[in-house]
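My entries follow the order in which I looked things up.

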Amino acid sequence: MVTTFSRRRLLVAAAGAVALSACSDSPQAFKAIDITGADYATGFSLTDHNGQKRTLDDFKGKAVVIFFGFTQCPDVCPTSMTEMAEAKRLLGPDGERFQGLFLSVDPERDTPEVMKQYVTNFDPSFLALYAAPGELEAVAKSFKVYYKKVEGKTPTSYTMDHSAGSYVYDPQGRIRLYHRYGSGAQSLADDLKLLLQG
């Protein structure tokens with residue numbers, strides 16, 4: 001049998017639990033796939049379109065997004081790069097703490113000059129990274145990225161099949177998220193805000 005005193009104690013305890021739950025900040029979930037602690041996509045050492053060697057350490061303090069593509073890609077690549085640029089804009093002042101990177105899977109045609117013109121069309125701060133054909137295979141493997149040359153009607157009219165997601169790093173240079181193709185700029189911006197707050 002529950003006494004009046006016991007009831008009062010239960011009510012006080014329940015009220016306290018409700019008050020505590022209302023005050024606690026439950027962490028917001030990422031919209032992209034959380035791959036924190038993954039043993040792949042952990043870094044790179046590549047040359048950018050200005051001829052400068054780059055690693056993730058160069059971007060400490062910034063959230064970084066890397067997308068693998070090629071400049072003659074008809075839809076997936078420009079869509080992803082536009083999304084990246086829009087996410088930067090949505091960040092407002094925090095956009096200065098975001099670095100967009102484009103890594104070409106078509107080193108035969110994507111020269112540094114071609115890539116510079118391509119990425120800066122989306123945002124002047126974006127950088128393109130170049131991996132020589134032999135180097136590209138190892139980089140793609142370390143990121144678990146698929147790419148394959150698909151022959152065209154002429155030797156130069158080929159296209160490239162490739163993975164379409166982006167990898168997202170926090171300001172400490174740690175791999176955190178896999179952003180799926182077509183998830184939208186707002187989704188990416190929301191995740192970047194969370195990483196920049198952390």
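The entries below start with the whole chain and then move to particular sites.

**Overall.** I am working with a predicted model. I looked up the chain totals before anything else. The protein has five helices and 10 strands. It has 198 residues, and 41% of them count as buried. I then checked how far along the chain the contacts reach. Taking contacts between residues at least 6 apart in sequence, I find that 72% join residues at least 24 apart.

**Aromatic pairs.** How many aromatic pairs does the count give? It comes to eight. I looked up the pair of Phe68 and Tyr167, whose ring centres are 6.5 Å apart with the planes at 80°, so I log the pair as edge-to-face. The cut-off for that label is over 60 degrees between planes. Phe68 belongs to strand β4 (residues 63–69) and Tyr167 to strand β9 (residues 166–169), and the two are 99 residues apart, so that the pair links distant parts of the chain. Are these two residues buried or exposed? Phe68 has a relative accessible area of 1% and is buried. Tyr167 is also listed as buried, at 5% relative accessibility. I also noted a cluster linked by ring pairs, made up of Phe67, Phe102, Tyr118 and Phe122.

**Charges over a ring.** Which residues place a charge over the ring of Tyr158? I found Arg109, whose charged end is 3.6 Å from the ring centre. I also found Lys149 over the face of Tyr158, at 4.2 Å from the ring centre.

**Helix α2 against α5.** I looked up the axes of helix α2 (residues 76–90) and helix α5 (residues 185–197), which come within 8 Å and cross at roughly 50°. The two helices are therefore oblique to each other. The crossing of α2 past α5 is right-handed. On the α2 side, I list Glu83, Met84, Glu86, Ala87 and Leu90 as making the contact. On the α5 side, the residues are Ala185, Gln186, Leu188, Ala189, Leu192 and Lys193.

**Helix α2 against α3.** From α2 the contact uses Cys77, Pro78, Met81, Thr82 and Ala85, and from α3 it uses Tyr118, Val119 and Phe122.

**Leu196.** I located Leu196 in helix α5. Leu196 counts as buried, with 7% relative accessibility. What does Leu196 touch, leaving out residues up to four places away in sequence? I get Ala63, Leu91, Asp94, Arg97 and Pro171. Gly61 is 135 residues from Leu196 in sequence, yet their C-alpha atoms are 8.5 Å apart.

**Tyr178.** I located Tyr178 in strand β10 (residues 175–179). Its relative accessible area is 22%, and I log Tyr178 as partly exposed. The buried label needs a value under 20%. Leaving out residues up to four places away in sequence, Tyr178 touches Ala32, Ile33, Ile35, Ala164, Gly165, Ser166 and Tyr167. Tyr167 is the β9 residue from the pair with Phe68. I also checked Tyr178 against Lys31: the two are 147 residues apart along the chain, with 9.6 Å between their C-alpha atoms.

Terms used: Residues numbered from 1 in each chain as written. Predicted model: local features only at pLDDT ≥ 70, side-chain atom pairs only at ≥ 80, totals over all residues. Heavy atoms only, no water. Phe/Tyr/Trp six-rings, centres within 6.5 Å; stacked < 30°, edge-to-face > 60°. Helix = DSSP H or I, 4+ residues; strand = E, 2+ residues; numbered from the N terminus. Buried < 20%, exposed > 50% of the residue type's maximum accessible area, 1.4 Å probe, protein only. Lys NZ or Arg CZ within 6 Å of the ring centre and 35° of its normal. Axes fitted to C-alpha atoms, helices over the stretch in contact; angles between N-to-C directions. Parallel < 35°, antiparallel > 145°, perpendicular 65-115°, else oblique. Left-handed = near helix turned anticlockwise from the far one by under 90°. Contact = heavy atoms within 4.5 Å.
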